[in-house]
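The following questions and answers treat the terms used to describe a protein model. Please examine the structure before reading on.

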Amino acid sequence: MRIGIIGLGDMGKLYAKAFAKAGYMVCGCDMPLNRERLENELNSLGIGLMDDGKDVSRVSDLIIYSVEADKLEQVVGMYGPSTKYGAIVAGQTSVKHPEIAIFEKYLPADAQIITFHAMHGPGFDPKGQKLILINHRSEADAYQRMLDLFNAVETDIVEIPDYHEHDKIVADTQAVTHVGFESMGTAWKSAGFFPWENASYIGGIDNVKILTTLRIFSYKAHVYAGLAILNPYARQQVKRYAESESDLFKLMIKEEEQEFRNRLYRARDFVFHESRKPIMFNDAVMREFSLARDAGHQKPNSHLSILSMVDAWYHLGVNPYDNLICQTPPFRLRLGIAEYLFKNEELLEESIETALYDKTIRGDDLEFHSAVREWSAIIGYGDMEGYKKHFNEVQAFFADRLEEGNKQSAELIRRLMSS
């Protein structure tokens, strides 16, 4: 099977190399200005560079579109009609509703659509990583070839029969997850401090929050914008997260302790029911990974971002443990620290008392409240450019520590997954 990849950016290139190393014939194309650089990088692996997507489409048995979500229709519209007779076509976008609609609009009727979603970023080798495979329309032998391909590169394949189901799960595991961490980053930027220099953000859970936030902001804005804005289920779930955060914040500032406690205990009993198989993060490992040099004595933290997420899961009726089939590293980290907080009675009690009565953390919680509102509004309006601008401004604030944060978070993920 000859594989053609249209778009040799970070993810397209990653999989082109993996397929070539597994013994497949691979060709691809990208923007003309990138050709010389890509030839120097890929030719030694036997990956051929072609002039454009028409050339790739005519000769390939499997054609993978690996382009930005907001450019997919333009690219498929140009090259889709040149698809080789009976070829398999796939996309690498993280939201499948618009992708499938575009494929159905521009591809020949004989094209077989078997799409996929790699649940990791370009910083991870495909081996051992979750990969979602979705059979939209194909013959049995074509689907088997796709299974054989991803088994050859040793991905952890999860088969989902319908793209609607995929997008519902991904709204939680990616879109809402990212908004939570993006809101933390925005709050810290607005407050004008780096969290590793603040005594309220020392300790295991906060190390995970900080490193995951830096990890997200080390990547490209368009990836996260497409996930949040193009997924029809994401807006609903992000809106619910913002409502949960706002409701809890109001109870905090009014110091309505009983209702605050009752609400969190209801959410805890639903999400962390004893029937769930726990993740059980290791506190010693979480404490080991810190960017702090000397932030002083650790102060209590309300962990409003985590309380809001668990409350949102409860109101959405979502069991996040079920969604681990489509997990990404940030989602597993988010669920892991939420579980750690809610199943540790002493720590949860400290979080509740701090949220209600510790005025020294209230300013930080106000910044987080404002940030969640901002991100929710941008996503609600479908403002792709506004999302990218907002993201890039926060990214610039943390620029000097993003590389270190990315490296430490990768090692943290590896350690926590194996501990």
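Buried means under 20% relative accessible area, exposed over 50%, and partly exposed in between (1.4 Å probe, protein chains only). The model is predicted, with local features needing pLDDT of at least 70, side-chain atom pairs counting only at pLDDT 80 or more, and totals for chains, interfaces and linings using all residues. Residues are numbered from 1 along each chain as its sequence is written, and side-chain values use heavy atoms, leaving out hydrogens and water.

Q: Which residues of strand β4 point one way, which point the other way, and are they buried or exposed?
A: In strand β4 (residues 62-65), Leu-62 and Ile-64 point one way, while Ile-63 and Tyr-65 point the other way. All are buried, the term for under 20% relative accessible area. In a regular strand the side chains alternate between the two faces of the sheet.

Q: What makes β4 and β5 a pair of strands?
A: Pairing requires that DSSP find at least two bridges between two strands. Strand β5 (residues 88-91) is joined to β4 by 4 bridges, therefore the two strands pair; they run parallel. Within β5, Val-89 is the bridge partner of Ile-63.

Q: Which residues of α5 make the contact with α7?
A: Contact means heavy atoms within 4.5 Å. Lys-96, His-97 and Ile-100 of α5 make the contact, together with Tyr-163, His-164, His-166 and Asp-167 of α7.
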